[in-house]
Amino acid sequence: MSSEIIYISNTIDKFSEYSGQDIEVGYIEDAIEYLQNLDYIAIDTETNGLDWNKDKVIMLQLGDNKKQFVIDSRCIHICKPLRDILEDPNKIFIGQNIKFDYKFLLSSFNVRLRNIWDTMLAECVIKCGKKSPGYSLKALCQRYLNIELSKEVRSQFSVNKDNHFTFAQIEYGARDIKHLHDLMKMQMLVIKQYDLELVLELENRAALAFAEIEYNGMCFDAEKWLKVAENVGHDHLKKEKELDDMILNDPKLSQFILKGFQMNMFGVEPKKTSILWSSPTQVGKVLKVLDPKIENTNMRELYKRQYKFPLIKVLIDYRKKAKLVTTYGKDFLKYVNKTSQKVHTLFWQILNTGRVSSGQTRSKNNPHQAPNMQNIPANNVYRNCFMAEEGWKIVTMDYSGQELRLIAEGSKDPTWIQAFKNNEDVHGKVASLIFKIDESEVRDKPEFLRGKSYRDVAKTINFGLAYGMSYMKLADTLDISITDAKEFINRYFEALPKIKSFLKLLGNYGKNNGYIKTFAPFRRIRWFEDWASLAGLPHKDKFTRLGEIERASKNTPIQGSGADMIKLALALIIEQINEHKLHNKVKIVSQVHDEISCEVRDDFVALWIELQETLMLKAGRVICKQIDMNVDYSVSDKWSK
């Protein structure tokens, strides 16, 4: 085989039209002979659609920068001859956004890759926190290799088995893998420069688990969902009526009452006020009467005043119901896949902190849509609409107090370390220190805290500090005076000085260096791209931006280390499933923040609970050396919190 591109199809022979061009016609045995000697194999697929539940792989490309095998999988059966190579745990497959190819390999051929190197993920690791310079293969080849890839041929692929691929289509398929080895080498120079090898290895391992979650999806009870949506809709209307009644009964708001309202022809009482409660402008007019100092109608402003004005408290409830009606109403049923009858999400694997996001909106360039499963309301009213298949259970396991334990690990604060080791109530213990009260009193609600308990205040500070919360934000959140908020935070840091010095260290590091890292051993980097240009800004703008960097620098090591931990747990779980061939017993179906859900066959549930807990705790010990992670779990026919 002298040509770079070898086309494999049984619809033509070696004396076809390709013999005079830069393509050689070969056999599947030629591919096997060459590929089995490679440690790194470039891989790509062309499919006849984006939905792995119904669409199929029509072309499979494998090779390196010297030879590319383009296989017409419409007529060549690849499962048996190539399975040993594709599932070889000693081979690493290089791909671009390889989750996509993985799902189609699984649906078309029941093949699971064991090790991958994703060029898109590598770039996300390198550029984390920077403005997107483009993560497509075309953009990466241009940036690193100065090679221009054309994508015009992609839309011309035929699914007709009677038509073999054209020269342009075969060349296009080969080009998609030809440069992956060279691209990987160039990216690896940068990865090593910043000591990000472990981060990239983690992301590549976790990507296989995210691909499985997307592939598996979750069964969905549409009828139950619609009933929930109907009930929420009724609650929404009740809140609207309650708001109208509050206007009718408040003389100060009489200007918003409609003149001469009457029953309509259907006997239904019409609206008595002029206010459309979904309109921020109209709501703003009402709020200005209540409080002339109010600047806008956003939720932050509302929360600050909810205890002072009963109407505002009801308005907050109204907006929460409105959010549920619009986001989780009957329109959600569009996400039920017509082929699988399940709900499938899609993940973007690396945000600035290292966390993931899920969901995808239909667009002109991408007609595939998926729901944001990270934001499904965390209560069983909604979650229970997602269920296990008959004969299976959903095992949901999450880290208990993950971020607080990470703060304890990072700060080495003896009070917190001891509290976690003794399995004490950390929020209660902190409350007793701040307010100098006995721990038996921490749930009391003194009048000056406006309905909050001492423990509530401590809990708000504990979690808020992980997000760089200021005393002004604390005052807003708890609806207390700025003076009290300052006093509470000062007492907090007096009682827990190591936490104060730890957070200050993180904030200063980000401000002084222009980046921040997660905990060892991964040390993921988040860049603050504009940091180098801050010196040229006006003082006020520079001060504001440095404040933002400081808060992000306090938050990222905690939230990002939590993300590293959950991704490691996912990697360990999928590797356990693959190594022991447990696919007919366990399926990963969900990952939300610090939680992993698996669908498990009834007869394997007890053993799997023990296995998953062991793997999640193992992941915790890689990052937390002084503090043990704890996990909680639930087992149900339905997805549960």
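**Close-up views of a predicted model**

Tyr 40 is found in strand β3 (residues 40-47). This is a predicted model, in which local features need pLDDT of at least 70, side-chain atom pairs count only at pLDDT 80 or more, and totals for chains, interfaces and linings use all residues. Residues are numbered from 1 along each chain as its sequence is written, and side-chain values use heavy atoms, with hydrogens and water left out.

**View A. Tyr 40 in strand β3.** Strands are DSSP runs of E with at least two residues, helices are runs of H or I with at least four, and both are numbered from the N terminus. Is Tyr 40 buried or partly exposed? Tyr 40 is partly exposed, with a relative accessible area of 34%. Buried means under 20% relative accessible area, exposed means over 50%, and partly exposed lies in between (1.4 Å probe, protein chains only). Set aside the neighbours within four places in sequence, and Tyr 40 is in contact with Ile 92, Ile 94, His 181 and Met 184. Contact means heavy atoms within 4.5 Å. Arg 83 is 43 residues from Tyr 40 along the chain. The C-alpha atoms of these two residues are separated by 16 Å.

**View B. Asn 97 and helix α3.** Asn 97 sits in the loop between β6 (92-95) and α3 (98-109). Its phi is near 55 degrees, a positive value in a residue other than glycine. Asn 97 is partly exposed, at 29% relative accessible area. Next comes the helix. How far apart are the end C-alpha atoms of α3? They are 16 Å apart, which agrees with the 16 Å that its 12 residues should span at 1.5 Å a residue. The expected span is 1.5 Å times one less than the number of residues. In α3, 10 of the 12 residues are buried, so the helix is largely enclosed by the rest of the structure. Among the buried residues are Ile 98, Tyr 102, Phe 104 and Phe 109. Lys 99, Asp 101 and Lys 103 are also buried. Just after α3, Asn 110 takes a positive phi of about 55 degrees.

View C. Asp 195 lies in the loop between α7 (180-193) and α8. Asp 195 is not a glycine, yet its phi is positive, at about 55 degrees. This residue is exposed, with a relative accessible area of 54%. Of the 20 residues, 15 are buried, so α8 is largely enclosed by the rest of the structure. Just after α8, Gly 217 has a positive phi of about 65 degrees.

**View D. Leu 208 within α8.** Leu 208 is buried, at 5% relative accessible area. Which residues does Leu 208 touch, not counting those up to four places away in sequence? They are Tyr 102, Leu 113, Arg 114, Ile 116 and Ile 574. Tyr 102 is one of the buried residues of α3. Val 190 is 18 residues from Leu 208 along the chain, and their C-alpha atoms are separated by 24 Å.

View E. A disulfide is a covalent bond between the sulfur atoms of two cysteines. Here the term is applied to a pair of cysteine sulfur atoms within 2.5 Å. Cys 75 is buried, with a relative accessible area of 17%. Cys 219 is in no disulfide either; the nearest cysteine sulfur, that of Cys 385, is 13 Å away. Cys 219 is buried, at 13%.

**View F. Helices α19 and α20 packed together.** Two packed helices are described by the angle between their axes and the distance between the axes. Helix α19 (residues 482-495) and helix α20 (residues 497-513) pack at an angle of about 105 degrees, with their axes 5 Å apart. Axes are lines fitted to C-alpha atoms, for helices over the stretch in contact, and angles run from 0 to 180 degrees between N-to-C directions. The two helices are therefore roughly perpendicular to each other. Angles of 65 to 115 degrees count as roughly perpendicular, under 35 as roughly parallel, over 145 as roughly antiparallel, and the rest as oblique. Tyr 492, Phe 493, Glu 494 and Ala 495 in α19 meet Pro 497, Ile 499, Lys 500 and Leu 503 in α20.

**View G. A cis peptide bond at Pro 521.** The bond joins Ala 520 and Pro 521, and its omega is about 5 degrees. Pro 521 lies in the loop between β14 (515-517) and β15 (525-527).
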